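Q: Please take a close look at one part of this model for me. Go through it piece by piece, and spell out the cut-offs as you go.

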Amino acid sequence: MTAGDSGDGKHEKSCAVCHKEAEEYLYCPAEQVLMCKPCDVNFHNSNLIFARHQRVVIHAEDDFFIPKHNDTSAAVRPNEPSGTDSEPADRTADTAAGTDLESTIEKLEKARLSEDRPPEELAMDILRPAVDAELLSMAQFSQLVDFEDEQPFEFICQLLNLNRKEVMTMLEQLRTAIYEGEGTDHIKKDEDLDVDHIRFLIHKMRGSAANLGVSAVNNACCALKEVFVSRDRTRMENGPGHYHDLVKACHLVLGYFERFEHFIEVHCPELA
């Protein structure tokens, strides 16, 4: 039994990952989920950022509620339709095209050479088109700068590099879990689909995206999760909520992050 919203914020207690009941849980405010101890350890030890999440011990007999995020990137609930949430990744594909990105890079490089502006301001401006295209929450991403007191941009670049590797690994793991074989787009038969494992991988990727404020990937994850929880084979094949929608959202955002890292390395070395 999954933890369901009762309307007033209170939830029936069960682990969000394995769905089993337990005597004691750990609640993660960053992910807005309740997990049993084994699943919490498995999830939060999976990378450095997850490990820094604070958790609260919740006992089976405790009354509790899961607060709502103010950020719309966390607004999708298990029983809530996510069609509108998956739209930004599709709607903004043209907006985030390479020509727009190259133009932005050129303008920023000129500004770096000709204007008396703080380098950190210029570095953050590199991501502005992604924010305008609703791919990224600047408010969430900016928190990473405040998170590290010394050399925050070096920390961010290291984090983005780690995130890139994790994203590519998780995408490959999802592909293996969903499709019959390498190089094929034939989805596995229902009896061969491990939906719990697919949900875990999606949840892990969604958590990584939420930490960086990557709303487009978060939304694509929500749509993909809904498709496999409902076992809607039509949407598995054709969307919305297709695996390739998630791949596209990931590559769009990773493109911006790579430009951000390159810009700091070449034009703002004093930040690194």
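A: Contact means heavy atoms within 4.5 Å. Helices (H or I, at least four residues) and strands (E, at least two) are DSSP runs, numbered from the N terminus. The model is predicted, with local features needing pLDDT of at least 70 and side-chain atom pairs pLDDT 80 or more, while totals for chains, interfaces and linings use all residues. Residues are numbered from 1 along each chain as its sequence is written, and side-chain values use heavy atoms, leaving out hydrogens and water.

First, the setting. The chain has 12 helices and three strands. Of its 272 residues, 48% count as buried (under 20% relative accessible area; exposed is over 50%, partly exposed in between, with a 1.4 Å probe and protein chains only). Take the contacts between residues at least 6 apart in sequence: 65% of them join residues at least 24 apart.

The part to look at is the packing around helix 9. Helix 9 covers residues 195-212. Start with its partner helix 8, residues 152-178. The axes of helix 8 and helix 9 are 10 Å apart, and the packing angle is about 160 degrees. Axes are lines fitted to C-alpha atoms, for helices over the stretch in contact, and angles run from 0 to 180 degrees between N-to-C directions. Helix 8 and helix 9 are therefore roughly antiparallel (over 145 degrees; under 35 is roughly parallel, 65 to 115 roughly perpendicular, the rest oblique). Their crossing is left-handed: the near helix is turned anticlockwise from the far one by less than a right angle, where clockwise would be right-handed.

Now the residues. Helix 8 brings Leu159, Leu160, Asn163, Glu166, Val167, Met170, Leu171, Gln173, Leu174, Ala177 and Ile178 to this contact. From helix 9, they meet His197, Ile198, Leu201, Ile202, Lys204, Met205, Ser208 and Leu212. By class, the contact of helix 8 with helix 9 has 13 nonpolar, four polar and two charged residues. Nonpolar covers Ala, Val, Leu, Ile, Met, Phe, Trp, Tyr, Cys and Pro; charged covers Asp, Glu, Lys and Arg; the others, Gly among them, are polar.

Next comes helix 10, residues 215-229. The axes of helix 9 and helix 10 come within 9 Å and cross at roughly 170 degrees. These two helices are therefore roughly antiparallel to each other. The crossing of helix 9 and helix 10 is left-handed. On the helix 9 side are Val195, Ile198, Arg199, Ile202, Met205, Arg206 and Ala209. They meet Val217, Asn218, Cys221, Cys222, Leu224, Lys225, Phe228 and Val229 in helix 10. By class, the contact of helix 9 with helix 10 has 11 nonpolar, one polar and three charged residues.

Helix 12, residues 243-267, holds Leu246. Leu246 is buried, at a relative accessible area of 0%. Leave aside its neighbours within four places in sequence. Leu246 is then in contact with Leu171, Leu174, Met205, Val217, Ala220, Cys221 and Leu224. Leu171 and Leu174 belong to the helix 8 side of the contact with helix 9.

Met168 is partly exposed, at 37% relative accessible area. It touches His251 and Leu254, not counting residues up to four places away in sequence. Met168 and Val247 are 79 residues apart along the chain, and their C-alpha atoms are separated by 9.2 Å.

Now the cysteines. A disulfide is counted where two cysteine sulfur atoms lie within 2.5 Å. The count by this rule is zero. Cys250 is in no disulfide; its nearest cysteine sulfur, that of Cys221, is 6.6 Å away. Cys250 is buried, with a relative accessible area of 2%. The sulfur of Cys15 has its closest cysteine sulfur in Cys18, at 3.7 Å, too far for a bond. Cys15 is buried too, at 0%.

Pro240 is in the loop between helix 11 (233-238) and helix 12. The peptide bond from Gly239 to Pro240 is cis, with omega near 0 degrees.
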